[in-house]
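The following report goes through selected side-chain contacts and their surroundings. It is meant to be read alongside the sequence and the coordinates.

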Amino acid sequence: MYQLTMDDVLTLLLLNDNYLILTHKKPDGDALGSASALCKILREKGKTAYILGNNEMGKRFDNILEGTLAPEGFNADFVISVDVADVKLLPANAQCYAENIMLAIDHHPTNTGFAGHTYLEADAAATGEIIYKIMGNLGLKATKDIMTPIYIAVSTDTGCFRYSNTTAHSH
């Protein structure tokens, strides 16, 4: 595993295309919000990006996932995981990508370094905080379409900003 800097992450995101974004089993608001926002950020930069759906997503966050789920047969050139600390946490339909995850973006200090490259901010309250930084560093405007899933990501992992992990960055 090679721990990337934010500049490294930005370079990877700009130089590649045809992204598939993976989340963990029983994805929560941070996983789905981060995946949705990253997908939309990549699309704003002219990239093809999708999220791998799974049957454990439920319906709660359908509004932020609309139009982001990978169509049947989509062939990704670059696989990213968000909010996943270990490949054992990938749902069954994502296990086939376990050896090909090129970038992991995560906030869990327990991240096992399974991906080819990892961007880890263990002091972040949510992966959504990291996705927000990526958006800003790519020079994108904070649109409702991107900020709604980021808000869901951060608010769910901070207990609506009540947990002790909430910081000024969370706000």
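Val-84 is buried, with a relative accessible area of 0%, where buried means under 20% relative accessible area, exposed means over 50% and partly exposed lies in between, for a 1.4 Å probe and protein chains only. The model is a predicted one, in which local features need pLDDT of at least 70 and side-chain atom pairs count only at pLDDT 80 or more, whereas totals for chains, interfaces and linings use all residues. Residues are numbered from 1 along each chain as its sequence is written, and side-chain values use heavy atoms, with hydrogens and water left out.

Val-84 is located in the loop between E4 and E5; the helices (H or I, at least four residues) and strands (E, at least two) are DSSP runs, numbered from the N terminus. Not counting residues up to four places away in sequence, Val-84 touches Leu-22, Thr-23, His-24, Leu-89, Leu-90, Asp-106, Asn-111 and Phe-114, contact being defined as heavy atoms within 4.5 Å. Between Val-84 and His-108, which are 24 residues apart in sequence, the C-alpha to C-alpha distance is 7.9 Å.

The side chain of Asp-83 makes a polar contact with the side chain of His-24 at 3.1 Å, and another with the side chain of Thr-127 at 3.1 Å. A polar contact is here a pair of N or O atoms within 3.5 Å; within protein, one must be able to donate a hydrogen and the other to accept it, and residues adjacent in sequence count only if both atoms are side-chain atoms. Leaving aside neighbours within four places in sequence, the residues in contact with Asp-83 include Asp-28, Asp-30, Ala-31, Ile-105 and His-107.

Leu-22, one of the residues that Val-84 touches, belongs to strand E2 and counts as buried at 1% relative accessibility. The C-alpha atoms of Leu-22 and Ser-81 are separated by 4.5 Å, although these residues are 59 residues apart along the chain. Beyond four places in sequence, the residues touched by Leu-22 include Leu-52, Val-79, Ile-80, Ala-94, Tyr-97 and Ile-101.

## Aromatic pairs

Two aromatic pairs are found in a search of the whole structure. Rings of Phe, Tyr and Trp (its six-membered ring) pair if their centres lie within 6.5 Å, with planes under 30 degrees apart counted as stacked, over 60 as edge-to-face and the rest as tilted. The ring centres of Tyr-19 and Phe-78 are 5.3 Å apart and the planes stand at 70°, so this pair is edge-to-face. Because Tyr-19 lies in strand E2 (residues 19–22) and Phe-78 in strand E4 (residues 78–82), the pair ties together parts that are 59 residues apart in sequence. Tyr-19 and Phe-78 are both buried.

Tyr-50 and Phe-74 form an edge-to-face pair, with 4.9 Å centre to centre and 65° between the planes. This pair links distant parts of the chain, 24 residues apart, since Tyr-50 is in strand E3 (residues 49–51) and Phe-74 in the loop between helix H3 (62–65) and E4. Tyr-50 is partly exposed, with a relative accessible area of 22%, whereas Phe-74 is buried at 15%. Arg-43 lies over the face of Tyr-50, at 5.0 Å from the ring centre; the criterion is that NZ of Lys or CZ of Arg is within 6 Å of the ring centre and within 35 degrees of the ring normal.

## Salt bridges

The structure holds two salt bridges, each being a side-chain nitrogen of Lys or Arg within 4 Å of a carboxyl oxygen of Asp or Glu. In the pair of Asp-145 and Lys-40, the closest N and O atoms are 3.3 Å apart. Asp-145 lies in helix H5 (residues 144–157) and Lys-40 in helix H2, so the pair ties together parts that are 105 residues apart in sequence. Asp-145 counts as partly exposed at 49% relative accessibility, while Lys-40 counts as buried at 10%.

Lys-133 and Glu-121 also meet in a salt bridge through their side chains, at 2.8 Å from N to O. Lys-133 is in helix H4 and Glu-121 in the loop between E6 and H4, twelve residues apart. Lys-133 is partly exposed, with a relative accessible area of 30%, and Glu-121 is buried, with 11%.
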